[in-house]
2 protein chains.
Amino acid sequence: MRDAIAYLKRAVEQGRGLARADLVLKGGRIFDLVTGELTRSDVAIAGDRIVGTHGDYRGAVEIDVAGKVVVPGFIDAHLHVESSLITPLEFDRCVLAHGVTTAICDPHEIANVLGVAGLSYFLDAAMATAMDLRVQLSSCVPATHLETSGARLEVDDLLSLARHPKALGLAEFMNFPGVLARDPACLAKLAAFQGRPIDGHAPLLGGLDLNGYLSVGVRTDHEATSASEALEKLAKGMQILVREGSVSKDLRALAPIVTERHSPFIAFCTDDRNPLDIAEEGHLDFIIRTAIELGAPPLAAYRAASISAARIFGLNDRGLVAPGWRADLAVLDDLESCAVSRVVTAGRIVGDAFYAARALIAPVGRHSVKARRVSAGDFAARGQGPSTQAIGVVPGKIITERLPAILPFAKGLRGVDLDQDFVKVAVVARHGVNDNIAVAFVHGFGMKRGAIASSVGHDCHNITVVGADEADMAIAVNRLIEIEGGFAVAEGGRTVAELALPIAGLMSLMSFEEVRKALIPLRAAAKSLGVALAEPFLQVAFLSLPVIPHLKITDMGLVDVDRFEFVRD
Amino acid sequence: MRDAIAYLKRAVEQGRGLARADLVLKGGRIFDLVTGELTRSDVAIAGDRIVGTHGDYRGAVEIDVAGKVVVPGFIDAHLHVESSLITPLEFDRCVLAHGVTTAICDPHEIANVLGVAGLSYFLDAAMATAMDLRVQLSSCVPATHLETSGARLEVDDLLSLARHPKALGLAEFMNFPGVLARDPACLAKLAAFQGRPIDGHAPLLGGLDLNGYLSVGVRTDHEATSASEALEKLAKGMQILVREGSVSKDLRALAPIVTERHSPFIAFCTDDRNPLDIAEEGHLDFIIRTAIELGAPPLAAYRAASISAARIFGLNDRGLVAPGWRADLAVLDDLESCAVSRVVTAGRIVGDAFYAARALIAPVGRHSVKARRVSAGDFAARGQGPSTQAIGVVPGKIITERLPAILPFAKGLRGVDLDQDFVKVAVVARHGVNDNIAVAFVHGFGMKRGAIASSVGHDCHNITVVGADEADMAIAVNRLIEIEGGFAVAEGGRTVAELALPIAGLMSLMSFEEVRKALIPLRAAAKSLGVALAEPFLQVAFLSLPVIPHLKITDMGLVDVDRFEFVRD
């Protein structure tokens with residue numbers, strides 16, 4: 001309290017210009033998200049808060065931002081840090097530079113492997129990051145009863161963490177069929193978080209079923225993939241988090257809804273984004289720039305990226321460049337390019353020394369890949385005849401199609417058909433709970449030889465392997481067991497590329513720069529198999545996600561998501 | 001928890017249309033504040049929450065609203081219930097019918113008389129009202145050191161109430177000079193409420209001083225009286241509560257800022273509104289209707305009246321007609337007239353039986369008018385010569401002017417000058433702390449005879465009396481002492497009209513209908529003295545408010561508000 005009073009005294013002095021401010025961004029323009037105006041103004045900062053705009057200020061530290069535009073720091077409204085394959089602290093160092101000063105993460109991936117220990121790892125890390133990392137507590141671990149996870153989270157587990165200062169609310173409630181069926185365990189979690197932010201996840205849900213889902217207090221959705229879907233959701237008070245990830249790319253379809261009118265009810269999110277895309281395209285800066293390119297008014301885009309996201313999640317201290325608001329700022333070359341030249345987070349300009357001084361967070365989830373070694377025979381595809389249903393991948397989408405397939409069939413076994421582009425997909429349980437292996441077929445990879453395996457496999461993160469050749473499938477899977485998980489490409493009887501992800505089989509121990517470097521040959525190796533997809537590993541990783549329509553595969557079998565049951569043929 | 005789960009189960013069933021909803025508004029249109037569209041839709045309600053829109057629903061109770069428009073219930077973002085002269089429960093009954101389902105009140109008036117007991121009275125009442133009455137804890141009691149109040153509230157007093165479920169944050173921080181001067185007691189209160197809603201009060205404050213004031217976390221202002229003032233505040237992130245009260249009427253000046261662009265950062269408030277105006281014009285419905293008449297787009301006006309106010313104050317469960325949102329609804333004939341035909345509050349249609357069944361809240365602050373009896377001689381105006389400064393009232397404003405006056409002067413005493421429209425104004429201390437009486441002159445009443453006295457006198461609520469005749473001034477004041485406070489009009493040596501306000505000298509024990517009836521002859525009596533002001537009693541009541549420019553009077557003397565010191569001449 002005494003500190004708080006002393007701080008306010010300094011803030012008033014510095015805001016009135018009676019004393020030099022701690023930090024001044026001098027000579028730039030600010031983009032005012034209330035009026036939409038670009039205004040010449042210094043920005044004076046005391047401690048972690050802006051104390052002066054619309055005036056000339058002197059500062060203990062002054063940064064010349066002449067010719068630049070100052071906007072509020074960006075808020076990524078929904079993401080899984082694990083999808084960047086790096087630790088939360090590496091994520092911080094990687095993404096803050098793109099202007100992201102607040103990230104609302106759901107540690108759903110690590111929670112499916114480790115449970116409470118995974119959530120605690122993120123909450124601990126969030127106390128150390130330079131950006132404000134907020135944690136939505138993972139609501140659906142496992143997401144369904146149709147798969148084998150490494151852990152379960154019940155309502156009491158979530159409540160044990162709910163008072164942590166970095167815990168925000170309840171993360172995406174993917175089990176919407178469970179809500180619609182009034183499953184008591186689902187309703188108990190929802191009941192426990194009434195009045196706090198509850199994220200939704202309701203791809204293609206509409207009509208009265210959407211109403212039923214919203215009635216439990218769900219307030220956001222990041223799964224809308226068309227403007228018409230988003231408009232129904234908006235009209236029903238469901239705030240839309242427009243997503244542009246590495247696999248799920250909805251921005252082009254949703255840009256028409258990013259209007260000034262809708263802007264208070266729209267935010268942006270990356271959901272799942274890998275370090276290569278972050279390096280090559282950017283992060284939230286990429287979404288803003290692309291939204292504007294696609295015709296979104298800059299005011300709507302920058303509101304969505306800051307003040308609107310803040311209000312949607314009740315983070316009422318941030319989102320404007322104005323006195324009294326949190327000093328989270330991005331300095332841009334101009335609004336259209338959204339080229340970030342400097343970032344201020346809670347009043348600090350963060351550099352290597354700061355990053356190096358952050359508290360160390362010990363890795364968790366080592367040796368988490370507990371599958372038994374496999375052989376080619378484990379990937380035999382038994383069936384009644386040549387006719388089956390295959391998963392049709394859609395480039396850049398996590399939604400899949402349900403394709404009828406007529407496959408080579410002999411001795412009760414179906415085989416791959418490379419001409420028709422049907423190869424095998426299998427999921428190998430890896431949490432030490434059982435030795436499940438399920439096998440089916442997938443269309444759309446263009447794979448001509450070899451196999452790709454991944455211990456990243458949403459959401460239970462069993463091992464998913466796609467292959468034209470059963471022996472290579474086994475080699476790739478066995479290699480993952482050896483290296484504690486990650487990605488592996490096998491061809492001609494040997495592993496040709498790999499990336500180890502020893503933290504829960506999901507995240508690397510390396511720096512983001514090293515991971516980025518490792519991904520390039522890995523992607524090249526996958527493409528050398530004939531794979532035509534831009535993001536082969538992430539598309540593999542989403543084949544096992546049975547909360548996304550229409551046909552998916554888990555360690556327990558092929559899942560008809562629309563009927564929420566296994567396909568038996 | 002078990003109840004909450006059972007409720008969510010019902011909500012999903014009713015939202016999906018699997019069971020009849022508790023209540024359905026059938027056949028109307030809803031005004032969607034996200035998209036701006038008017039859409040044909042039933043509204044289904046389960047318990048206190050909307051569970052269905054954009055569909056046809058069956059209900060246990062169905063209300064035909066064909067031809068009507070359903071909008072979110074209105075939120076009055078800032079008001080003093082005491083100014084309506086009725087108890088909080090009577091206010092509830094009076095104002096809910098105008099569509100106001102949430103009112104954010106500051107019990108500043110009763111707090112100046114009774115301190116913590118006054119705040120507790122409001123918090124208790126808020127637990128009983130049909131509307132959601134939220135209480136901002138009064139921050140500046142007394143507002144200044146230039147007056148004698150009945151109580152003081154220190155930071156620990158406020159903290160003792162801060163966890164009450166109806167306590168929202170810190171009420172209008174009127175002592176902005178104290179903030180700018182870094183007064184430790186002011187900063188302590190502000191420090192204690194960081195992160196919660198803190199209302200501002202900064203008439204005419206701009207430039208670096210406004211920055212300093214905002215740096216302490218103040219987020220709203222309801223004192224802007226011109227568009228240019230409001231625009232500077234908006235551009236500095238200060239959310240504007242557009243006020244239209246009985247005395248302070250800012251809507252005409254501020255309507256140009258009520259645009260769709262600004263609408264997320266704008267709310268409406270009445271601040272101080274008397275029962276006659278509520279009956280004759282309306283309440284928030286009047287503000288909405290008038291804003292639209294003045295050119296505000298309906299979307300901007302209805303947003304300001306609901307979702308924007310909700311977000312500004314962190315009331316994130318309300319403000320849209322959408323599934324999962326609080327069932328606070330107003331049913332209108334049409335958007336332009338804002339004629340409210342029905343109101344739903346927390347899912348209930350409230351009638352006489354409900355009002356009668358509310359918990360009784362015992363009156364507080366009886367016998368609070370503790371002044372000694374006065375005589376004509378107490379109102380002698382001593383001075384050095386004929387030349388002085390007089391308070392110039394501005395009709396419909398609480399800001400006053402500082403007027404030079406040359407008055408009749410004899411034997412060291414200044415006298416009234418009816419031709420020039422200078423009459424006397426005096427403030428008589430009434431809290432039993434001292435016997436202060438201050439006397440000065442006021443211009444603009446048009447009073448030709450008699451006197452008007454009021455124990456409502458912002459903010460310390462001493463007795464303020466305006467008179468053309470010292471004997472009548474004494475009669476009016478003495479009558480107020482007898483009737484435990486209120487309003488009195490004296491003429492020709494006797495009291496000709498009165499209204500008793502025995503709750504803290506501020507509120508009546510009568511119903512709002514009776515108070516309304518009593519105000520008509522009272523106003524007529526005031527006007528019969530020659531008074532030309534539309535609201536003579538409220539204008540009297542604000543003469544003593546030394547936080548509003550430019551010249552005011554307290555029991556301690558004439559105050560130059562701009563210099564924040566007494567005038568000695």
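A disulfide here is a pair of cysteine sulfur atoms within 2.5 Å. Keep that cut-off in mind for this predicted model, where local features need pLDDT of at least 70, side-chain atom pairs count only at pLDDT 80 or more, and totals for chains, interfaces and linings use all residues. Side-chain values use heavy atoms, without hydrogens and water.

So what about the cysteines? The sulfur of B:Cys94 is too far from its closest cysteine sulfur for a bond, because that one, in B:Cys105, is 15 Å away. B:Cys94 is also buried, at 3% relative accessibility; buried means under 20% relative accessible area, exposed over 50% and partly exposed in between, with a 1.4 Å probe and protein chains only. Searching the whole structure turns up 0 disulfides over all chains. A:Cys338 is in no disulfide either, with the nearest cysteine sulfur, that of A:Cys94, 15 Å away. A:Cys338 is buried too, at a relative accessible area of 0%.

Now over to helix H16 of chain A, residues 470-482. Helices are DSSP runs of H or I with at least four residues, strands are runs of E with at least two, and both are numbered from the N terminus. At 1.5 Å a residue, the 13 residues of H16(A) should span 18 Å, and the end C-alpha atoms are 19 Å apart, which agrees; the expected span is 1.5 Å times one less than the number of residues.

Which residues of H16(A) are buried? They are A:Asp472, A:Met473, A:Ala474, A:Ala476, A:Val477, A:Asn478, A:Leu480 and A:Ile481. Just after H16(A), A:Glu484 takes a positive phi of about 65°.

Conventions
Residues numbered from 1 in each chain as written. Chains lettered and ligands numbered in written order.
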